[in-house]
Structure formats: structure tokens, C-alpha cells
Amino acid sequence: MSNPIEPSRDLLPLLKQYFGFSSFRPFQEEIIRHVLAGRDVLAVLPTGGGKSLCFQLPALAMPGLAVVVSPLIALMKDQVDSLRAAGVAATFLNSSLTPEASGQRLRGLRLGEYRLLYVAPERLMLGGFLDDLRSWNPSLIAIDEAHCISEWGHDFRPEYRQLGQLQARFPKVPLMALTATATERVRADILSLLNLREPGVFVASFNRPNLFYRVSPKAKPYHQTLAYLRKHPQDSGIVYCQSRKTCESLAAKLCADGVLACPYHAGLPSEARSKNQELFLRDEVRVVCATIAFGMGINKPNVRFVIHYDLPKNIEGYYQETGRAGRDGLPAECWLLFSSGDVVKQTRFIDEKPDLDEQRHAREQLRRMVHYAEIADCRRASLLGYFGETYAEGNCGGCDNCLAPRASYDGTIDAQKFLSCVYRIREKSGMSVGMRHVVEVLLGADTEKIRRWGHERISTYGIGKEHDLARWQEIGRELIRLGLLRQTSDQFSVLELSTAGLTALKQRQIVSLTQPAATVKAAARRSGAIECDEALFERLRKLRKKLADELDVPAYIVFSDATLRQMARDYPADERDLSRISGVGRKKLEEFGSAFLSEIAGYLESNPRHAFRD
């Protein structure tokens, strides 16, 4: 397949006309040029990094139909609404449509009326549908959320496995796999299972500089959450909960306390889920209390916070969920409430898994999640390191540990007690035991297991009563992170002294430990912020909401917060000025330009202009 577009300048007019941007984000142009040259691509771009543009722009630059495989109905509608608002002929086919609506869209596809089609993997792989697709002149097949094909991904979906047949069915059509979260192992799975042919592989930085990461001890989680929401009365966000029951009770309590909130989980009827999601997308409620069933691919750009009310199961899921904050590039906060009780709950769920390999994998993932929650080092560096990326900065300025470093102390005595207890238990019984049993021995607990194995008679029994169970478990996990202890990932996970731990014990080496985490207030942080006339911004937000309601779409379909803030900073006076604002494309200028210019002019009649630093 020849490359229909070569010079960089030929892509930029399309970018500005349809999407309102004057330049590409990292890797976007290279990815697009690979596709235009007929090559397969694997693109790993962070949430908010512009993945969608990588297949939307080629769809406009090439003749034929671009097909986007998407796992969620809500994602399809969201992206199609955005594309239509930008003047792009796009549609979707899924189970939410009536037979009449589906028939109408299929007729349009046969007549070549569309440039993009969004479809679920199950429907795409039906034999009759693939035959139809061949006649629609496909120019590109893009597989979004491609990590779903891997069992090692955090959201494995068996139906994605069938997509490996596409390469043989459409050998001349470029395949594009896109995801925001994929470790090296998952990336290798995607390449192999989709049979990508000599693909271009693009892995952007996983760093989201505008996100602030914070972890707090989980004390009274409802009161902690309510206090946060009351301090941010204008902000919209997601509170992730582990159980459906928590989602519902939390949303009900928040509503009773004056915070507009709704629940979202897989147990709700589909009509209720759709309604609650729509209320959130349209800013009718500002908080959604959700299980992980909510949010994959949700394109709401002005999510200003993501709170994890309970501990996530793994880093991939946590990263993707936090990635739903700040997609517009403006500052947003990711706050995790952590308690050792959540670790116990997650461990019980893991123990119920029938497959031992699955159990082992889940335990290792949970261990890494707990490591992230408890570290005293930079959280950003820890997250990026998980995905194989090195963060070179010494202080990120964007996490609690960097802004308010936790103190360390001479923990030699605590370390000696813990390591010695592990050693004495092994010496007495000839076997290793789990973390909780070691701590119970240190605390002098009277349990059936301690009595059965005679551990009340060893020298370390009861020598650790100065700390409680949770604190000793924290110390034990820090000793694991320091490499002085090893913890197995078997069904009955046990602790063992490492070579370094045995040396530290025998030589009484000094061990520095971290003070317990205290609640740290988030410092004011403005990375990615756009200074602007806040009063004008609020007027523009109200105008945007009014126009969006008239069109029956979410407000961000009209313009993003970032675009409005730039308007409230630059005070555009005519269409030429307005067209220079990022996010203002040709169709939106024609449709909304006069309303926003009029609002700005009216505001300036009775308010002074503000000057802002560059």
C-alpha cells in the first residue's frame, strides 16, 4: 500500500480542521505515518495521551472505512458523539440500538457514508459481519484496549482472542493495537496473539505530570472522603470501591450530606448504569461511586480527582483507574486510602481462586500494590518503574512522599526482633510460617497454632508488645522491600530470612526504617494549570452547559475545560482569534463561535482584563 500523505504539513490542516490542534503529541505523528504506509502498529500511550487521534486522523486521510474494535458500549457512543461534533462521519453498531437503527446504519455503511465504525469484538468476528466488512473497503482496523487480549493484563477478555484471525482475513489492511497500560509481558502477548506483521512499536512515557499521587492511612474513610469533597465543591470525580454494596451505601450517604453522587456497578440494571453514567458525564452529578466496572475508555476530560476507597488488586488497574483523572492536561489528584485490613480482604479473595498459578500471580500483583502504598520513596518513580520506565528526577514534586518526605528512624532493634523471630520459629519447628503468625508470636498472642507448635516457648515470644499488629506487619513488609526477608507467593505464603537478612541479624547491622505514615495534606500543585480569569471561566462553563443541554450531549463535547480556560486567558475578540485557541476546529467555530465571542465581549463590558504570565 502506498503512502498517500508524506509531508508533515499535509497532516496539520486535518488536525486543525477536525480536532482544533496545531501540533501533535509525542508519537502521534509517527504512529499515523506508519498506518498511512500500510504497516501494523502497537501503540502504548498513557490515558489522556491522545490514543484515539492515532486512528481517527488516518480515517480522514485515507479512502474507505476505519473500523475501531471497542469493548464498551459507553465508549463507542462517547467517541462517536465527539467525532460528530467535530464534523466527522462516524457511527457505531452494538446491542443498545433498535433493529431499525441498526438497519439504517448498515445501509449507510453499504453506501460508504461513514469514515469510522465502532464495533464490539463479538460482533466483528461473526462470519457474516466479516464478509460485509470486506465489501465496505476497510482502510484500517484499530483494536482499542488491546491489553484485554492478554491473560497477564488486568482486564482479560476471552472474546478478544478471536481477533488474532483478522490478520489472515484482511492481509492488506493495517492493524493497530492500542492500550494505555501494558507491561513488557502484556506487550509481547499483544504482538503475538494479534499476529502483527513487522509492526512499528511505540511506547510513550507512562508519566502523567499533571496527576498528584497521595496515599493516606484509612481511618474513618467516609469522613475522610466527605471532608475532601467539601473542600473541592466544584470538582467532578470518581470514588472507586471494592464492593457493590459499598458503592451504593457511599453514594446514598454522600447524597444525604449534600454531595450529588450516584453508584455504578455491574449488578445494577443496564438502564440504571446508563442513566447514572450519563448524569456523571453531563455534570448533573459530580461524583460517581463505582467498582472497576466503571470507566474503561470513558472520555470525560474534566475528572479532577480519583479516590480509591479500597485497595486495588494490582498496579495496572490502579494506573488505569487513576488515569481517568486529568485527561484534559489540567491538575488532578489521585488519592488512595490504605489499611492493612484491605490487604487481608484481598488475600482472602485470592485464596478462593481455584487455580494455583492464578493465585500465585494474584499474590505477586497484590504484593506490588501494597509496596506502592507503603513506600516512603517517590510514588511516580515507583509506578513508572513497574512499567519498565526509569524516572530520572530526584523529586517529582507531584506526590505526597516528595512534597512531605516521611522521616526515617534507627529501626535496628525492631528489625532485630522481627528477623530473630523468623529465625527462632524456623529453628524450633524446622519450617517457615506466614507474616501474621510471626507477628502474633512477637505480640505474645495465645493462639491454637502457637500452642500446637510450642512457639510460646521460644525466646522471641512476646518481645514486641510496644507495637500493634498492623505496625509490625508494616515493619515486616519494609524488611521485605529492603531485601532482608523473602516472602513466597505460594498458597500458604511464608517468610524466610534472605542471605542479607541473616547477615544483618548476626552482625547486628544498623537498619533504617520509615516512620509510620501520617495523614499528609496535599500541597497546592499547579503542574499543567492554565492561569485564567476565573470569573469569565465560570461564565463560559455555564454557557457551555446550556449549549450542550440543547444538543443533548455532555458539556465536554462542546469544548474541554482546557479550551475554555484558554479563552478566559486570551479574551479572543473575533473568529480569527478564537480559531487560534487549542481545541477549536472548523465545525465547532461555525457552530459555537459566535455564542462564546458574544459571552466574552459581554463580560468585558463590565469587567477589566487580567494580565497573565506566559
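The largest nonpolar core of this predicted model has 112 residues, and those with the most contacts inside it are Leu116, Leu124, Leu166 and Met176. A nonpolar core is a set of buried Ala, Val, Leu, Ile, Met, Phe, Trp, Tyr and Cys residues joined through side-chain atoms within 4.5 Å; buried means under 20% relative accessible area, exposed over 50% and partly exposed in between, with a 1.4 Å probe and protein chains only. The largest share of this core, 7 residues, is supplied by helix H3 (residues 53–61). Apart from this core lies another, of 28 residues, with Leu536, Phe537, Leu578 and Val584 among them. In soluble globular proteins, nonpolar side chains tend to be buried together.

Residues are numbered from 1 along each chain as its sequence is written. The model is predicted, so local features need pLDDT of at least 70 and side-chain atom pairs count only at pLDDT 80 or more, while totals for chains, interfaces and linings use all residues; side-chain values use heavy atoms, with hydrogens and water left out.

Leaving aside neighbours within four places in sequence, Leu116 is in contact (heavy atoms within 4.5 Å) with residues including Phe55, Ala59, Leu65, Val88 and Thr91.

Helices (H or I, at least four residues) and strands (E, at least two) are DSSP runs, numbered from the N terminus. Axes are lines fitted to C-alpha atoms, for helices over the stretch in contact, and angles run from 0 to 180 degrees between N-to-C directions.

| Helix pair | Axes come within | Crossing angle |
|---|---|---|
| H18 (residues 412–429) and H21 (residues 469–481) | 10 Å | roughly 85° |
| H18 and H19 (residues 435–443) | 10 Å | roughly 105° |

H18 is therefore roughly perpendicular to H19, a term for angles of 65 to 115 degrees. In their contact, Lys417, Phe418, Cys421, Val422 and Ile425 of H18 meet residues of H19 including Met435, His437 and Leu442. Towards H21, the residues of H18 are Asp414, Ala415, Lys417, Phe418 and Leu419, which meet Trp472, Ile475, Gly476 and Leu479.

An open sheet is formed by 6 strands in the order E8-E13-E12-E9-E11-E10, with parallel pairing; two strands pair if DSSP finds at least two bridges between them. Strand E8 (211–217) and strand E10 (261–264) stand at the edges with a single partner strand each, so one side of each is left without a neighbour in the sheet. The twist averages 20° from one strand to the next. Strand E9 (residues 236–240) and strand E11 (residues 287–290) run parallel and are joined by 4 bridges. Helix H11 (residues 244–256) packs on the sheet, where H11 touches E9, E10 and E11.

Terms used. Parallel < 35°, antiparallel > 145°, perpendicular 65-115°, else oblique.
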